[in-house]
Amino acid sequence: MLRKLYDWVFSLARHRHATRSLAVVSFAESSFFPIPPDVMLAPMVLAKPERAYFYATVCTIASVLGGILGYAIGYWLEPVGMWMLALLGKADTFEASKALFQQHGAWVILIKGLTPIPFKLITIASGIFQFNLALFIALCVVTRGARFFLVAFVLKRWGPPMLAIVEKRLALFTVLFLVLLVGAFFMVKLIGH
């Protein structure tokens, strides 16, 4: 079933309304849909590299808006949010996640938003744990923008061969990006004092 859904989303990338479909998939993935927009973003960038950053912008905006819906589900419809987390196999880690959010919520959003972990887990949990909405939106813009613009940049610059390398070594690239992100954060703190 999931493979058929994946193939269907991939086929949308070749449709004449691909940009609209990309926005819908990006929106839905942040709140309830299981397939990430990268499945559409990659072939669209490869087909039209000159529109790579436009597609990344569409993904980012739609993903943030979908994230706000996910937040609202967790905040105002907590039982529905808990049910969705249970479907994803994450309801049993609720207390541990709550403690993690209370101590390091911003980092959780930033890090998880870059990874292949379904973003809806973070958006719904952020609402359930009543994370600061303005900060949540800002962090979503940063983390989702970084993810989609990185995909667009890599594919525009190096095309299919680089995509294969990134997919093979995704964990390494994620760690490198996080090290750079943490380093930049500490540099900003040092300069600010």
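The dialogue below goes through how to read features of this predicted model.

Q: What kind of model is this, and how are its residues numbered?
A: The model is predicted: local features need pLDDT of at least 70, side-chain atom pairs count only at pLDDT 80 or more, and totals for chains, interfaces and linings use all residues. Residues are numbered from 1 along each chain as its sequence is written, and side-chain values use heavy atoms, with hydrogens and water left out.

Q: How many helices and strands does the chain have?
A: Helices (H or I, at least four residues) and strands (E, at least two) are DSSP runs, numbered from the N terminus. Here the chain has 9 helices and 0 strands. From the N terminus on, the order is α-α-α-α-α-α-α-α-α.

Q: Where does UniProt place the feature "transmembrane region"?
A: UniProt positions are given in the numbering used here, feature names are shortened, and annotations may be inferred rather than shown by experiment. The unreviewed UniProt entry puts the feature at residues 52–77, 128–150 and 170–191. In the model, residues 52–77 are 96% helix and 0% strand, with end C-alpha atoms 36 Å apart. Residues 128–150 are 83% helix and 0% strand, and there the end C-alpha atoms lie 30 Å apart.

Q: What share of the residues in the chain is buried?
A: Buried means under 20% relative accessible area, exposed over 50%, and partly exposed in between (1.4 Å probe, protein chains only). Of the 193 residues in the chain, 41% are buried. Accessible areas come from the Shrake-Rupley method with a 1.4 Å probe; for residues, only the protein chains shown count as cover. The chain exposes about 11,000 Å², and carbon and sulfur atoms supply 71% of that area.

Q: Which residues does Ser-26 contact beyond its neighbours within four places in sequence?
A: Contact means heavy atoms within 4.5 Å. Ser-26 sits in helix H2 (residues 18–29) and counts as buried because its relative accessibility is 0%. Its contacts beyond those neighbours are Pro-37, Cys-59, Ala-62 and Ser-63.

Q: Is Asp-38 buried or exposed?
A: Asp-38, in helix H3, has 17% relative accessibility and so counts as buried. Not counting residues up to four places away in sequence, Asp-38 touches Pro-43, Arg-147, Phe-148 and Val-151. Over the chain, 76% of contacts between residues at least 6 apart in sequence join residues at least 24 apart.

Q: Where do Pro-49 and Glu-50 lie?
A: Pro-49 lies in the loop between H3 and H4, and Glu-50 lies in that loop, between helix H3 (38–47) and helix H4 (52–76). Pro-49 is partly exposed at 31% relative accessibility, while Glu-50 is exposed, with a relative accessible area of 59%. For Glu-50 and Lys-156, 106 residues apart in sequence, the C-alpha to C-alpha distance is 7.6 Å.

Q: How is Trp-8 placed relative to Met-40?
A: Trp-8 is in helix H1 (residues 2–12) and is partly exposed, with a relative accessible area of 45%. Trp-8 and Met-40 are 32 residues apart in sequence and 9.9 Å apart in space, C-alpha to C-alpha.

Q: What phi does Gln-130 have?
A: Most residues other than glycine have a negative phi. Gln-130 is not a glycine, yet its phi is positive, about 55 degrees. Gln-130 lies in the loop between H7 and helix H8 (133–168) and counts as exposed at 54% relative accessibility.

Q: How many residues of H7 are buried?
A: In H7, 10 of its 10 residues are buried, including Phe-119, Lys-120 and Gly-127.

Q: How much space lies in the second largest pocket?
A: On a 1 Å grid over the protein atoms alone, a cavity is a set of points where a 1.4 Å probe fits but cannot get out, and a pocket is an open set with protein on both sides within 12 Å along at least five of seven lines; lining residues have an atom within 4 Å of a point. Grid points are joined across faces, edges and corners, and a volume is the space filled by probe spheres set on the points. The second largest pocket holds about 300 Å³. It is lined by 14 residues, of which Lys-90, Thr-93, Ser-97, Leu-121 and Ile-122 are the closest to its centre. Helix H6 (94–114) and helix H7 (119–128) are the elements that give two or more residues to the lining, and H6 supplies the largest share, 6 residues.

Q: How do the residues of that lining divide into nonpolar, polar and charged?
A: Ala, Val, Leu, Ile, Met, Phe, Trp, Tyr, Cys and Pro count as nonpolar, Asp, Glu, Lys and Arg as charged, and the others, Gly among them, as polar. The lining of the second largest pocket has 10 nonpolar, 2 polar and 2 charged residues.
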